[in-house]
Structures are given as C-alpha cells and as structure tokens.
Amino acid sequence: MLVGAGSPASGAYYAGGGGMGASSQVHAVGVDGGVGSSGGIANGAFARSGMGQGTTILSNSECGVGSAASDTGCCVGGPETACGGMGSACFEGAGTMISGQWAYVGEGRGNYSRVPGYDYVGEGAGNYVRETVMTPYGCRLRPCCLILMLCALLACLLPYLYTYVFNVPPPTPVPTPVPMPPSPPPPPVRIPAPLPTPMSPPPIPPRPLPPVPVPVPVPVPLPVRPAYGAIGSCIGWGDPHVRTFDGMRADYYSSGEYYIVKTGDVSIQGRYLPTKFTNGLAVTKEVAIGGSLLKGNKLIISPLSATWNGAPILTAFPSHFDQPGILHVDFDNVGALVDPALDASKKKILHVKIADGTPEGLMIQINRWTASAGNEYVNWKVTMHSRPGQDGHCGNFNGNAADDDRIAVRQRMGAQGVPAGPELLFATKTPITTAGRPDINNC
C-alpha cells in the first residue's frame with residue numbers, strides 16, 4: 001500500500017503487504033522527514049499528527065483506529081468522532097493494544113542493525129527500525145447509559161406487568177358527562193273548577209238496639225261458719241278440780257288419760273297422775289291436743305316441756321311457736337292465774353290459739369308449776385264455742401249444769417277414760433285401777 005499522496009524521497013519505503021484492505025497494516029518508516037506540503041512521505045517515514053517515529057496504527061473493523069469518519073461498520077461514526085456520533089454521550093474508547101515488531105527499511109535507513117540480535121547503531125546507520133503496533137479495542141458502553149437503557153426497558157414493560165402479572169386492568173377513562181340542556185318549563189296545567197256536590201238526603205238514623213241485659217253478679221258465698229253455740233270457759237286445777245262450761249264443779253282423783261273436751265273436730269286429753277304432795281291423789285301432769293282442727297298434728301304440753309309431733313318446741317322463755325292456718329303458741333308470764341291461791345310471781349303460762357273459723361278461735365291456757373321438784377303439774381283453762389255432741393270432764397256444754405257432775409259424765413264417757421288405740425294422743429295408756437282396790441271415782 002502506498003502511504004501518502006507524494007513520492008518517497010531518497011530511499012525505499014515499506015508496505016506491510018499488498019494493497020490496503022480492511023485487515024492491512026500501515027507501517028510508518030523512516031526518520032528523515034514527514035508529510036510534505038503535498039501530503040507525501042519523505043525519506044520513507046510516515047508522519048501524522050500525534051504519532052511518533054516508528055509507530056504503526058492498525059485498522060479495527062469494530063471501531064478501531066484507522067477507520068474513516070464515514071465508516072458505518074464502526075460505532076456510529078468511527079473513531080474520528082470519538083467512537084461515533086453519540087460517543088461522548090454513551091460510548092468511550094475501550095483502550096489500545098500496543099505491540100512491537102521489526103521491519104527492514106533498506107540500507108542506511110534504520111536505526112538498528114542485526115548482529116546477531118538488534119542493536120541500536122544511531123539514526124540512519126542501520127537497516128531496521130522498531131515499530132510500535134497500536135490496536136484499539138473498540139467501544140464500550142458507559143454505566144450511566146446502561147441505567148438509562150434499563151429504565152427505558154422497564155417503562156416499556158410496565159403495561160404488560162400491570163395487565164398480565166399483577167392482574168390490574170389499565171384504568172378506564174371516565175367519559176366527561178356532557179351537560180344536558182335545560183328542559184323547557186312544563187306548560188301550564190289548567191285545573192277545572194270542581195262541580196258542586198249534589199246535596200244528599202240526611203241519613204236515616206239507625207234503629208236503636210234492644211237493651212243488653214246487665215248480668216247480675218253472682219254473690220260469692222261467704223265461708224260457712226261452723227254451727228257452734230255460745231262461747232264459754234272450763235277450768236281445771238289441783239288434784240284435779242274441774243268447773244265445767246255450764247258451771248258445775250266436779251272432782252277427779254284417779255290416775256289415767258281422760259277426755260277434757262271431746263268434739264267432732266277437736267280432742268283435748270289430760271293425763272292425771274299422783275304426786276307426793278297430793279298423797280296419792282292425781283293432778284294434771286300433761287295436756288295433749290289433736291283432732292281435725294290440727295290437721296293430723298299433735299301438741300303435748302307438760303310442766304317441763306312441749307312437743308309438736310314429738311319434736312321439742314318453746315325451749316326458751318319467753319318464746320313463740322307458729323303453724324300458719326293451724327295454731328299459734330306464746331310462752332310468757334302474761335295472763336291471770338287459773339288458781340289464784342298460787343304465787344303470781346312464779347307463773348309461766350302457755351297461750352294456745354287454734355284456728356276454728358271463729359273470730360275468737362279455740363283458746364287453751366296452761367299454767368306451769370315447777371317450784372317443787374318431783375311435784376310439778378299444770379293447771380288449765382279452755383275457752384271455746386259449744387259444739388254439737390260435745391262432752392268430757394268439762395261437761396256437755398248444753399246449758400244444764402246438773403248433768404255435768406262426775407257420776408253423770410262417767411256414765412256417758414265410761415270409767416276407763418280414753419281407750420288405747422288411735423284416739424289416744426299419748427304414747428302409752430295408764431291403768432286406771434289396781435285389781436282388788438276400790439276406785440274413788442265411783443264414790
């Protein structure tokens with residue numbers, strides 16, 4: 001290849017091959033001159049701005065030094081425009097590979113001689129020169145441009161990612177509503193004048209309904225008051241002496257269990273037993289109360305205790321005992337003595353009120369006397385309305401005192417008192433007499 005436009009001066013030139021092609025090398029040789037005014041090569045040297053003596057620049061098909069500015073095979077413009085028209089923006093030189101080689105340039109035109117190696121012998125004194133071969137690597141992308149390219153790629157992929165990856169449909173543009181033109185005002189409505197309502201004849205008054213009979217309330221029957229008679233009192237004291245409802249005094253001295261009062265709805269029984277103080281004569285030791293008025297229950301009172309169906313009650317003084325609808329008992333020191341001859345300061349009285357359907361009820365007062373140990377006894381008082389068929393030691397309460405003496409009562413009630421069995425309110429039956437001895441009650 002011929003380098004330069006002029007002709008070589010006084011020496012040989014060297015071309016590194018045949019004609020210059022894409023892969024040919026250009027060797028700049030010689031030391032005597034450079035490019036003349038006509039652009040030729042003087043003394044076999046290749047001169048170019050920026051390159052020294054003995055430097056060879058090889059062409060690079062991938063944007064190497066030596067390409068023309070219009071070389072489209074390079075990085076958009078070639079190395080003459082800093083690696084392409086966009087060189088300073090996105091591309092820069094990747095570097096230059098430098099290597100050396102020896103070239104023969106003719107007798108007396110080089111700087112080195114081969115004896116047997118290559119020795120420097122001075123400018124123009126040898127046959128060889130040392131060439132420096134520079135091969136540019138090409139262009140490389142600037143890091144900033146790489147980031148810009150990734151951002152541009154991501155912007156292109158965003159619609160795809162939203163639609164197919166995140167399942168987010170692209171926003172649908174909302175059409176702007178077009179304002180409707182105002183509607184014309186409605187035409188005026190003609191309201192016809194109402195026609196006068198014809199006068200209707202006055203309504204016929206309804207026929208009066210027949211009077212509804214007012215139901216007469218059925219009177220609520222009052223509770224049937226028992227067929228009781230007059231109210232009265234009977235008392236018993238001592239060994240024992242009795243004053244009947246009709247006012248007869250009678251004395252009962254024998255031991256045993258006897259009816260004080262016996263009616264169809266109540267049974268008041270007394271247990272008579274002797275004491276040392278009475279020299280074998282009986283006194284009232286216990287009083288038992290039962291019958292239908294007590295609804296099958298049983299109350300027993302003695303000088304030292306009281307029981308309801310066998311369970312102790314009224315153990316304190318004073319105290320109270322109540323069975324709603326049946327009876328109420330108070331134990332205190334209030335009330336008059338049955339036997340006024342006794343000390344009133346030592347009285348202990350039980351007040352029993354049994355509900356029998358009357359305002360007053362059936363009242364039993366029992367005075368306890370406990371001053372002498374072993375000689376305890378009770379006095380009693382019964383206040384009640386008379387009842388049909390009534391009898392006992394308190395008499396038959398018929399208003400006739402003559403038939404209430406002891407002999408008459410024993411003839412009606414029997415000499416053995418309350419028989420053993422269901423009528424007896426006490427747990428055991430006391431024998432009335434001992435065999436072979438007379439009974440004082442028969443006197």
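Q: Which residues of helix 3 (residues 406–413) are buried?

A: An α-helix has 3.6 residues a turn, so residues three or four places apart point the same way. In helix 3, Arg406, Ala408, Val409 and Arg410 are buried. Buried means under 20% relative accessible area, exposed over 50%, and partly exposed in between, with a 1.4 Å probe and protein chains only. Helices (H or I, at least four residues) and strands (E, at least two) are DSSP runs numbered from the N terminus. This is a predicted model, in which local features need pLDDT of at least 70 and side-chain atom pairs count only at pLDDT 80 or more, while totals for chains, interfaces and linings use all residues. Residues are numbered from 1 along each chain as its sequence is written, and side-chain values use heavy atoms, leaving out hydrogens and water.

Q: What covers the buried residues of helix 3, and what follows the helix?

A: The cover includes strand 11 (249–251). After helix 3 comes Gly414, with a positive phi near 95°.

Q: How many aromatic pairs are there?

A: A pair of aromatic rings is described by the distance of the centres and the angle of the planes. Rings of Phe, Tyr and Trp (its six-membered ring) pair if their centres lie within 6.5 Å; planes under 30 degrees apart are stacked, over 60 edge-to-face, and the rest tilted. The count here is four. One of them is the stacked pair of Tyr258 and Tyr272, at 5.3 Å centre to centre and 25° between the planes. Tyr258 belongs to strand 12 (residues 256–262) and Tyr272 to strand 13 (residues 267–274), so the pair links distant parts of the chain, 14 residues apart. Tyr258 is buried at 4% relative accessible area, and Tyr272 is buried at 0%.

Q: How are the rings of Trp308 and Phe321 arranged?

A: This pair is tilted, with 5.5 Å between the centres and 55° between the planes. Trp308 is in strand 16 (residues 306–308) and Phe321 in strand 18 (residues 319–323), so parts 13 residues apart in sequence are tied together.

Q: Which residues have the most contacts inside the largest nonpolar core?

A: In soluble globular proteins, nonpolar side chains tend to be buried together. A nonpolar core is a set of buried Ala, Val, Leu, Ile, Met, Phe, Trp, Tyr and Cys residues joined through side-chain atoms within 4.5 Å. The largest one has 41 residues, and those with the most contacts inside it are Ile268, Leu299, Leu327, Ile354, Leu362 and Trp380. Strand 22 (residues 377–385) gives the most to this core, four residues. Apart from it lies another core of seven residues, among them Tyr259 and Phe426.

Q: Where is Ser319 found, and which residue stands opposite it?

A: Two strands pair if DSSP finds at least two bridges between them. Ser319 is in strand 18, and its opposite number in strand 19 is Phe331. Strand 18 and strand 19 (residues 327–332) run antiparallel, joined by five bridges. They form a hairpin with three residues between them, and Gly325 in the turn has a positive phi of about 80°. Contact means heavy atoms within 4.5 Å. Leaving aside neighbours within four places in sequence, Ser319 is in contact with Leu314, Val329, Asp330 and Phe331. Ser319 is buried, at 11% relative accessibility.
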